[in-house]
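Keep the structure in view while reading.

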Amino acid sequence: MISLGGAIGTGLFVSTGYLINQAGPGGVVLSYLFGGLLMYLVMLCLAELAVIMPVTGSFQVYATKFIGPATGFTIGWLYWINWIVAVASEWVGAGMLMNRWFSHVPPWAWIALIIAFMFLLNAFSASLFAESEFWFSTIKVITIVLFVLLGIAAITGIIPFEGLSSAPILSGFTHDGGLFPHGFVPVFMTMVAVNFSYQGTELIGIAAGESENPEEEIPKATRNTIWRILFLFVGSVFILSSLIPWKEAGLTDSPFVLVFDKMGIPFAADIMNFVILTALLSASNSGLYASSRMLWSLSKSNMASPYLSKLTSRGVPFRALIVSVIVASVALISSIVAPDTVFLWLSGISGFAGILVWMGVALSQYLFRRRYLAEGNRLEDLKYKVKIFPLVPILAIILCLIALVGLAFDEEQKIALYYGIPFTIVCYGVYYLFYRKKYEQTEMQKL
């Protein structure tokens, strides 16, 4: 549920309409299937690593151990920035959604209250965070399942759908140009945004270090997450594409609201406002959990200040949490006062980071398996293993590279390359200038 909570957000509830409008009904379903394939491959790689090495801050640790400490340093900071920017954006969005119901209360008051609430959920124990995330995720999952069931009923004519005298029978796929009204090129361009929608599933790796029985829980959570995410995402997109003409899809804040309205569901806009608010709170809850654990992991590896490595008696990296909240708040302020400068490059780095982290997971698993066998270990001794090796990690790396190349052809997304690549180079430089000696000294002391 933590993984589902991190993945299901405004990318599905809001951005899907724009993607349908750009790629067409067939194109967006194809994009989500390709994105789902990449998510599936990366999750398999992550599960193998997380079972044999269940550590908090997993991506950074795996990259450090199997690719190199400079890459581990870079991936750790990229992932931290990725969630810091996401959390800031979600807080702003949540404040605006509350303003729909309480227009007399300034949005900043709601944002301050939400920040305090999210901080408290993460500050006391991992179990409190997990319990709250379970219920946030449950609301979203129930909403999507009901949406799919009602959508099937509308498609087959069991319930009426506004503007149609008979059952639609997938009319959205044949209306105004059919499956691919703009051709196939937009399919590859929208794949980038679709990949961002799936990000958050990798939180299973972050949570592995606090799992009581990772050998059983991680494979089970991975399998459940993969198939549930695919059903929820692809099923929802298929229903939306079937019922909404692609020319109308990008004209409303949420395509879910449009479909519920045409089904005659009362208070559809308010229902979806509540669900999207829940999605934002859930994602920011997961984001604070992930960012605080990653910052703590960097500190433990001598790749951040040792001040941040302190844990409370309940195992919470409280100092890393405080720093993450403060920096996310600064990013939030920059989104309001400097949206075209500071927040723009933060968003660019964040967009670039997600794909690079996934690529790092796949490459880490590939190098781990090669080293594991080269050291004379038996494949049968792995509690969980990727069966089709090396095809799975190699294909995942290729799809990540395709997504990065796709950034260059999307006018709204290419900014991620302009800021992401220089930031990555700076991270490598900072490591070699300031942290390499500290890390090497620590490794020598272990020997």
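Helix H3 passes helix H8 in a right-handed crossing; a crossing is right-handed if the near helix is turned clockwise from the far one by less than a right angle, and left-handed if anticlockwise. This is a predicted model, in which local features need pLDDT of at least 70, side-chain atom pairs count only at pLDDT 80 or more, and totals for chains, interfaces and linings use all residues. Residues are numbered from 1 along each chain as its sequence is written, and side-chain values use heavy atoms, leaving out hydrogens and water. Helices are DSSP runs (H or I, at least four residues), numbered from the N terminus.

H3 spans residues 15–52 and H8 residues 185–198; they pack at an angle of about 55 degrees, with axes 7 Å apart. The axes are lines fitted to C-alpha atoms over the stretch in contact, and angles run from 0 to 180 degrees between N-to-C directions. That makes H3 oblique to H8. Angles under 35 degrees count as roughly parallel, over 145 as roughly antiparallel, 65 to 115 as roughly perpendicular and the rest as oblique. The contact holds 13 nonpolar, eight polar and no charged residues. Here Ala, Val, Leu, Ile, Met, Phe, Trp, Tyr, Cys and Pro count as nonpolar, Asp, Glu, Lys and Arg as charged, and the others, Gly among them, as polar.

Follow Tyr-198 next. Beyond its neighbours within four places in sequence, Tyr-198 is in contact (heavy atoms within 4.5 Å) with residues including Ala-7, Tyr-32, Met-39, Phe-233 and Trp-358. The largest nonpolar core has 148 residues, and Tyr-198, Ile-8 and Trp-91 touch the most other members. Such a core is a set of buried Ala, Val, Leu, Ile, Met, Phe, Trp, Tyr and Cys residues joined through side-chain atoms within 4.5 Å. Its largest share, 19 residues, comes from helix H5 (residues 69–101).

Now turn to helix H12, residues 255–262. Seven of its eight residues are buried, so H12 is largely enclosed by the rest of the structure. Buried means under 20% relative accessible area, exposed over 50%, and partly exposed in between (1.4 Å probe, protein chains only). Lys-262 is one of the buried residues, as are Phe-256 and Phe-260. The buried residues pack against H2, H3, H7, H10, H11 and H13.

After H12 comes Gly-264, with a positive phi near 80 degrees. Most residues other than glycine have a negative phi, and most peptide bonds are trans. Phe-267, in the loop between H12 and H13, has a positive phi near 55 degrees. Phe-267 counts as exposed, at 65% relative accessibility. Asn-302 sits in the loop between H13 and H14, and its phi is positive too, about 60 degrees. At 24% relative accessibility, Asn-302 counts as partly exposed.

The last stop is the pair H15 and H16. A cis peptide bond joins Phe-389 and Pro-390, with omega about 10 degrees. Pro-390 lies in the loop between H15 (342–374) and H16 (391–407). The axes of these helices come within 9 Å and cross at roughly 160 degrees. That makes H15 roughly antiparallel to H16. Their crossing is left-handed. Trp-358 is among the H15 residues in this contact, and Cys-400 among those of H16. By class, the contact has 17 nonpolar, one polar and no charged residues.

Note on methods:
Helices (H or I, at least four residues) and strands (E, at least two) are DSSP runs, numbered from the N terminus.
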